[in-house]
Amino acid sequence: MTFEQANCTIDSISWFYGGESITKEDMIECREICHKALEKQIPKKLAWNDKVPHGRCPVCNSIVAAFADSPKPHYCYWCGQAFDRTNY
C-alpha cells in the first residue's frame, strides 16, 4: 500500500477503542492528525531559487539546502516533510 492509498483509506475506517465507540469529534481530530502525518511522508520536490542559491521546503518554506551542489537532505529539519531526491 502506498502512502497515498493509506491516506485515502483512513477516511473509511470505523474507530473503536476498548469496545467503545470514539466520539465523532475525536474521530475527526484523529483522522486529521493521521492525514497530516501521512502527507508529510509523500516526497515533495525542494523549491530552488534561481536568484539566491538555496533550496526551500515546499511546505514550511524553510531553507534546507544552502547551495545546489551541497548535500541534499532527505527531509525538512523543521517540519519533517520528506523530499523527492530523484531530480537533484
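Predicted model: local features only at pLDDT ≥ 70, side-chain atom pairs only at ≥ 80, totals over all residues.
User: What makes up the secondary structure of the chain?

Analyst: You get 2 helices and 5 strands, running α-β-β-α-β-β-β along the sequence. Helices (H or I, at least four residues) and strands (E, at least two) are DSSP runs, numbered from the N terminus.

User: Why is Gln81 called buried?

Analyst: Buried means under 20% relative accessible area, exposed means over 50%, and partly exposed is in between (1.4 Å probe, protein chains only). Gln81 has 2% relative accessibility, so it counts as buried. Gln81 is found in the segment after E5, and its side chain reaches the backbone oxygen of Lys40 at 3.4 Å. Across the chain, buried residues make up 24% of the 88 residues.

User: And why is Tyr77 called exposed?

Analyst: Its relative accessible area is 51%, so Tyr77 lands in the exposed class. Tyr77 also sits in the segment after E5. Its C-alpha atom is 9.3 Å from that of Cys57, 20 residues apart along the chain.

User: What makes the nonpolar surface patch?

Analyst: Tyr75, Tyr77 and Trp78 do, with an area of about 420 Å². Patches take residues with over 30% relative accessible area and no salt bridge; like charges are joined within 9 Å, and nonpolar side chains (Val, Leu, Ile, Met, Phe, Trp, Tyr) within 5 Å. The areas come from the Shrake-Rupley method with a 1.4 Å probe, and for residues only the protein chains shown count as cover. At 51%, Tyr77 is therefore an exposed member.

User: Which residues gather in the patch of negative charge?

Analyst: Glu25, Asp26, Glu29 and Glu32 gather there on the surface. Asp and Glu count as negative, Lys and Arg as positive, while His and the chain ends are not counted. Each charge is placed at NZ of Lys, CZ of Arg, CG of Asp or CD of Glu. Glu29 belongs to helix H2 (residues 24-41), and with a relative accessible area of 47%, it is partly exposed.

User: How do you know that Glu39 and Lys44 form a salt bridge?

Analyst: Their side chains meet at 3.9 Å, N to O. The rule asks for a side-chain nitrogen of Lys or Arg within 4 Å of a carboxyl oxygen of Asp or Glu, so the pair qualifies. Side chains of opposite charge can pair when their charged atoms come close. Glu39 is partly exposed at 34%, and Lys44 is partly exposed at 28%. A search of the whole structure finds 1 salt bridge.

User: What makes Asn61 worth a look, going by its phi?

Analyst: Its phi is near 70 degrees, a positive value in a residue other than glycine. Asn61 lies in the loop between strand E4 (54-56) and strand E5 (63-65). With 46% relative accessibility, Asn61 counts as partly exposed.

Conventions
Residues numbered from 1 in each chain as written. Heavy atoms only, no water. Polar contact = N/O pair within 3.5 Å; in protein donor to acceptor, adjacent residues only side chain to side chain.
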